[in-house]
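Good morning, and thank you for coming.

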Amino acid sequence: MPLGLGRRKKAPPLVENEEAEPIRGSLGGVEVGSGGSVAALQPGLPPPPASLRPRLVFHTQLAHGSPTGRIEGFTNVKELYSKIAEAFKIPPVEVMFCTLNTHKVDMDKLLGGQIGLEDFIFAHTKGQKKEVEVFKSEEALGLTITDNGAGYAFIKRIKEGSVIDRIQVINVGDMIESINGQSLIGCRHYEVAKMLKDLPKGRTFTLKLTEPRKAFDMISQRAAGGKHNSSSQLGTGRGTLRLRAKGPATVEEQLSAFEERAIEKVDDLLESYMGIRDTELAATMVELGKDKRNPDEFAEALDERLGDFAFPDEFVFDVWGAIGDAKVGRY
């Protein structure tokens, strides 16, 4: 059967950011509330009433320095940012992204759609704005783009020796506000990556960027986390809180060795084909593909859930192969 036969495109939830409700009694970065236990929801069953759900309370700080705050009751990434903003009395739009267990701009520790129950959340807020003119001397700029799930796209990696690498003022963690005056607020990472790719070679374009506010010990840092660390994990501790686009958040066990291998391989393919890195998107694709019998079933599942990405058949086939390789332990 040819790959992609009869594939249909549907508008899906594009971000795996789901719902959480807080916990009390100490688990490192999180506290467990009355009831004392943390249990995952059983598949196929409706979520319990809010009054019976475990309450998760996470500890947080502003990355450039602040007292420790406590947040709870968020149901997706946008609400998480709002809770952080409320805790520190700042506007929610000031929060650019969060890292787990480090205040540094470390892209391997970026908060996606999973938070370990012992993770400490550091919020990076807007710092200095800058406008940079870039001459596109090569087709590839050397940028890998990600986004925060709440409307901001930013630089996750800069390839060594690339066009962008030679411009020292552009750093990992910089939010891309506009290209040639066109605002990118609200755009997804793949849209920004395509816009950069489509810019004509041999011409100059203008980037407006906002860098994350830096603590004193980060002033000289250019690109921490700019190189991929294959040993990084999506969550740490005794379990993870999985945030999703619809429905309640669930507390899940740590990823299996197969899932970690598969997510890493799929994330590498996303960077190779689309110029983005997104562990949550990769995790969603692995979840959709791990029980499918053939690549056509997998392609249909992707179109149902992630149709707006319009993944090419060649990419889907490679992802299917990567998931299969991970299942049998091939690297």
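Predicted model: local features only at pLDDT ≥ 70, side-chain atom pairs only at ≥ 80, totals over all residues.

Residues are numbered from 1 along each chain as its sequence is written, and side-chain values use heavy atoms, with hydrogens and water left out.

The protein chain contains six helices and 14 strands. Here helices (H or I, at least four residues) and strands (E, at least two) are DSSP runs, numbered from the N terminus. Of the 331 residues in the protein chain, 51% count as buried. Buried means under 20% relative accessible area, exposed means over 50%, and partly exposed lies in between, with a 1.4 Å probe and protein chains only.

I return to strand 3, residues 56–62, where six of the seven residues are buried. Strand 3 pairs with strand 4, residues 69–72, in the antiparallel sense over four bridges. Two strands are said to pair if DSSP finds at least two bridges between them. Strands 3 and 4 form a hairpin with six residues between them, and Gly65 in the turn has a positive phi of about 125°.

Which strand runs parallel to strand 3? That is strand 7, residues 121–135, joined to strand 3 by three bridges. Within strand 7, Ala123 is opposite Leu62, and Ile121 is opposite Thr60.

Strand 5, residues 95–100, runs antiparallel to strand 7, and five bridges join the two. The bridge partner of Cys98 in strand 7 is Ala123, a residue that also stands opposite Leu62. Strand 12, residues 204–212, pairs with strand 7 in the antiparallel sense over eight bridges, and Phe205 in strand 12 stands opposite Val134.

How many does a search of the whole structure find? The search finds zero disulfides, a disulfide being a pair of cysteine sulfur atoms within 2.5 Å. Cys98 counts as buried because its relative accessibility is 0%. Cys187 is also buried, with a relative accessible area of 19%.

Next comes the loop between strand 10 and strand 11 (182–183), where Asn180 lies. Is Asn180 buried or partly exposed? With a relative accessible area of 46%, Asn180 is partly exposed. Asn180 and Leu207 are 27 residues apart in sequence and 6.5 Å apart in space, C-alpha to C-alpha. Leaving aside residues up to four places away in sequence, Asn180 touches Leu199, Phe205 and Thr206; contact means heavy atoms within 4.5 Å.

We now move to helix 2, residues 189–198, whose buried residues are His189, Tyr190, Val192, Ala193 and Leu196. They cover an arc of only 160° around the axis, so they lie on the same side of helix 2. The arc is that of the directions from the helix axis to the C-beta atoms. These buried residues of helix 2 pack against several elements, including strand 10 (175–179), strand 12, helix 3 (257–274) and helix 4 (279–289).

Let me close with the aromatic residues and the core. The whole structure holds eight aromatic pairs. The rings of Phe309 and Phe311 have centres 5.1 Å apart and planes at 10°, so this pair is stacked. Rings of Phe, Tyr and Trp (its six-membered ring) pair if their centres lie within 6.5 Å; planes under 30 degrees apart count as stacked, over 60 as edge-to-face and the rest as tilted. Phe311 and Phe315 form a tilted pair, 5.1 Å centre to centre with 35° between the planes. Phe311 is buried, with a relative accessible area of 4%, and Phe315 counts as buried at 0% relative accessibility. Tyr190, Tyr273, Phe309, Phe311 and Phe315 form one aromatic cluster.

Phe311 is also among the residues with the most contacts inside the largest nonpolar core, which has 78 residues. A nonpolar core is a set of buried Ala, Val, Leu, Ile, Met, Phe, Trp, Tyr and Cys residues joined through side-chain atoms within 4.5 Å. Met285 is another of those residues with the most contacts, and among the residues that Met285 touches, not counting those up to four places away in sequence, are Phe311 and Phe315.
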